[in-house]
Structure formats: C-alpha cells, structure tokens
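Here's a quick tour for anyone opening this structure for the first time. Have a look at it, then read on.

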Amino acid sequence: MIDTHTHLYLPEFNPGGQACAVQRALDAGVERLIFPNVDLSTIAPMKALAEEFPEVTAMAMGLHPTEIKEDWKDVLAQIMEELNSPTSYIAVGEIGIDLYWDNTFRNEQMLALEQQLAEARKNSLPVIIHCREGLAETLEVMDGFRDVKAVFHSFGGSADDVSLIRRRLDSDLIYFGINGIVTFKNSGLKKTLPEITSDRIVLETDSPYLAPVPHRGKRNESAYIPFICRTVADAVEMSAEEISRRTDANAKTLFHGL
C-alpha cells in the first residue's frame, strides 16, 4: 500500500516519534509514503524525515491554503524557490482552497492556487488539491489548467461532486484521495466510491488527522491505512488485496518516480 498523503513530520509526532511512526507504517505493509508540505516552517522537518528514509518516502512542495495571509506573495516566492531547488519533489502540494474556517483571503487563495498550478505545469508535475468548502472556486481556477494531473486529497464529497469535477476538468487526469473519512459511520463516502471507480482512487491517511475507525478521535498515522483499504474494498465489492494493487498502480501513474 502507498500512503499518498501523510504528515508524519509534524510536531504531533514529537518528541522523537516521527521515525517510529514511519517504521510502524512499514511494519503494517505500507510500501511508500508521500509527504506534502504545509508552509515555510514545515520544509526543514519534512526534508529531515525524508532524508532518514529515502527509499520509502517522497515529497511534494506547496503552500497550504489556510496558511495564506497578508504576506502570502513573499511566502509563496520562497516556497516556489524551494520547489525549483535541487531537492526532488514529485508533486506540487498541498495547494487549493479552504473557506471552512475563514474566507478573508478567498481571492488570495485563488491567486496562490493559480500560480502554483502554473508552476506545476512548467515542471510537468501533478498537484495535490486541498478543497474544503471551496469547490466552485477551485474548479474556476483549475479550469485554466485542464492539462495538469491532480488528486483531490481527503475527498469526502458526493457522487454529484464527482460528476461536476469530471465535467469541468479532464477526467482522465483526475484522481481522488480516500482516507479515514470513508470509515466514519455518518459519512456517505462509501456510496460515492462506485461513482469514482477503482481506477481513480488512491489511498491516504492525512496523518495526524482523520484517524479511521477503530482509531477515530486519536492521532492518526500511516500504519492505519489497512483499515481504509479494507473499507474501500468492501464498498466496491473487491478484495483488499485487489484494492491495494489497483490503488498502488494509480498512485504510480499519478506520481512519476514512486
């Protein structure tokens, strides 16, 4: 299994617990882990953990939408400088629109997303999209970048949302990241999965957030991805082994170099 979105480098795993969390993931059968960046402060710890496990980790570089404030232009310039540094990044992310907590910087989020999509296109990289209460705005910006591969990370939407995304963008280039949300009792995501189809699903944990049942409410980690895999398999009436195989293949198609 490939965890296509995990933040094991964050302070929630301190002190000294990041390496242990990676090892637990490997022991649980996780083959590879992708670390998406958040802001300037997360670059150093992310790179440090990836350097400790170079054979099983990969990184993405981007500016998270909730971190876009008054100084966003200067911050984004530094983020893009890092993206174009000699360090190897397999995607631009996580980037997108988040209006759940605050819509003060809505326009700035859209401008930052546009700039990062342009950088992804220039570098022939896929993007990891964070979209929360901002699907209309996200699609408005992405409409000008239909040639860029993208994964809608932590997808929890409806079948109608899936259909809308596919109508507005190039459905052959769009994937959906499924995490612990699918295991939640009140989530309708299990009913949406057949609409997505297994050839467009990648697995993720979004650790340390959104721990799957039976660990809901606790700190999440990549070692819990088998719970997600089994729930997805049940929803689409396949074996967990087949879902693991298919989602791994999807991840390797989306992220070159895995």
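Here, buried means under 20% relative accessible area, exposed means over 50%, and partly exposed is in between (1.4 Å probe, protein chains only).

| Residue | Relative accessible area | Class |
|---|---|---|
| Cys-20 | 42% | partly exposed |
| Cys-131 | 25% | partly exposed |

Keep in mind that this is a predicted model: local features need pLDDT of at least 70, side-chain atom pairs count only at pLDDT 80 or more, and totals for chains, interfaces and linings use all residues. Residues are numbered from 1 along each chain as its sequence is written, and side-chain values use heavy atoms, leaving out hydrogens and water.

Now for the sheet. Helices (H or I, at least four residues) and strands (E, at least two) are DSSP runs, numbered from the N terminus, and two strands pair if DSSP finds at least two bridges between them. The sheet is open, with five strands in the order E4-E5-E6-E7-E8 and parallel pairing. E4 and strand E8 (201-203) sit at the edges, each pairing on one side only.

Strand E4 (residues 92-98) is mostly covered, with seven of its seven residues buried. Five bridges tie E4 to strand E5 (residues 127-132), running parallel, and Asp-98 has Arg-132 in E5 as its bridge partner. On its way to strand E6 (residues 150-152), E5 makes three bridges, again parallel; there, Val-127 is partnered with Ala-150 in E6.
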